Amino acid sequence: MTGNSCIVLSDDYKGYELEYFCVPRHYEDSLECVLIPSGLIQDRIERLARDVAADLGREPFAALCVLKGGYKFLADLLEKIKQCYRFSSENSVPFSVDFIRLQSYKDDHSTGDVKVLGVDGLSFLQNKNVLVVEDIIDTGKTMKVLLEILEKQKPKSVKVASLFVKRTSSSSGLRPDYVGFEIPDRFIVGYALDYNV
């Protein structure tokens with residue numbers, strides 16, 4: 001599998017000074033730095049898209065987006081996957097998109113409890129290739145719960161793409177199939193990551 005490599009930010013990584021970027025006003029007093037510039041995020045997503053397209057080949061798939069934070073990553077990733085197929089052949093690969101909501105945070109801390117919303121109608125995933133798209137994986141416990149639920153639907157395959165994975169001592173050991181960036185155990189915002197929702 002090509003998707004297990006990622007960009008690793010060390011624990012002492014300082015990021016970029018805020019003065020070099022346009023920062024939304026509502027974040028101005030809250031941010032320490034820009035951890036990863038937007039252009040680097042987009043380049044990394046393009047590489048992940050190539051890896052996903054290579055692994056899936058010409059097989060249709062169902063993209064399952066974890067809301068709310070995953071929607072931006074999903075949109076960018078799917079657009080780049082479509083470009084990969086467009087440039088590599090005459091035919092596009094059919095895919096469907098659906099959404100699920102998982103909740104394990106209150107403010108900026110994990111509660112330890114996982115609430116799964118919107119899982120009643122997942123029987124359509126039976127015998128399908130499923131690509132779960134998540135913005136960030138912290139401990140991995142929430143994703144493990146979702147993967148257990150998905151396995152009950154008997155999909156053909158399940159792959160997980162996460163833009164960010166936190167390096168934390170409380171990690172469950174879950175490692176997504178496709179990872180954009182491995183980051184220190186810091187609370188991050190931006191790129192549509194959700195906060196207290």
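## Salt bridges

The structure holds 11 salt bridges, and the model in which they are found is a predicted one. In one of them Asp11 pairs with Arg167, the closest N and O atoms being 2.8 Å apart. Because Asp11 lies in the loop between β1 and α1 while Arg167 lies in the loop between β6 and β7, this pair ties together parts that are 156 residues apart in sequence. Asp11 counts as exposed, at 58% relative accessibility, whereas Arg167 is partly exposed, with a relative accessible area of 27%.

Another salt bridge joins Lys156 to Glu59, with the closest N and O atoms 2.8 Å apart. Lys156 is placed in the loop between α3 and β6 and Glu59 in the loop between α1 and β2, so the two tie together parts that are 97 residues apart in sequence.

## Nonpolar cores

The largest nonpolar core has 34 residues, and those that touch the most other members are Phe73, Leu77, Ile81, Leu131, Phe164 and Ile183. Elements giving two or more residues to this core include α1, β2, α2 and β5. Apart from its neighbours within four places in sequence, Ile81 is in contact with Ala49, Val52, Phe61 and Leu131.

## One face of a helix

In helix α3, which spans residues 141-151, the residues Thr142, Met143, Leu146, Ile149 and Leu150 are buried. Seen down the axis of α3, the buried residues fall within an arc of 120 degrees, and therefore they line one face of the helix.

## A buried lysine

Lys166 lies in strand β6 and is buried, with a relative accessible area of 8%. A polar atom of the Lys166 side chain lies 3.0 Å from the backbone oxygen of Arg186.

Key. Residues are numbered from 1 along each chain as its sequence is written. This is a predicted model: local features need pLDDT of at least 70, side-chain atom pairs count only at pLDDT 80 or more; totals for chains, interfaces and linings use all residues. Side-chain values use heavy atoms; hydrogens and water are left out. Helices (H or I, at least four residues) and strands (E, at least two) are DSSP runs, numbered from the N terminus. Buried means under 20% relative accessible area, exposed over 50%, partly exposed in between (1.4 Å probe, protein chains only). A polar contact is a pair of N or O atoms within 3.5 Å; within protein, one must be able to donate a hydrogen and the other to accept it, and residues adjacent in sequence count only if both atoms are side-chain atoms. A nonpolar core is a set of buried Ala, Val, Leu, Ile, Met, Phe, Trp, Tyr and Cys residues joined through side-chain atoms within 4.5 Å. Contact means heavy atoms within 4.5 Å. The arc is that of the directions from the helix axis to the C-beta atoms. A salt bridge is a side-chain nitrogen of Lys or Arg within 4 Å of a carboxyl oxygen of Asp or Glu.
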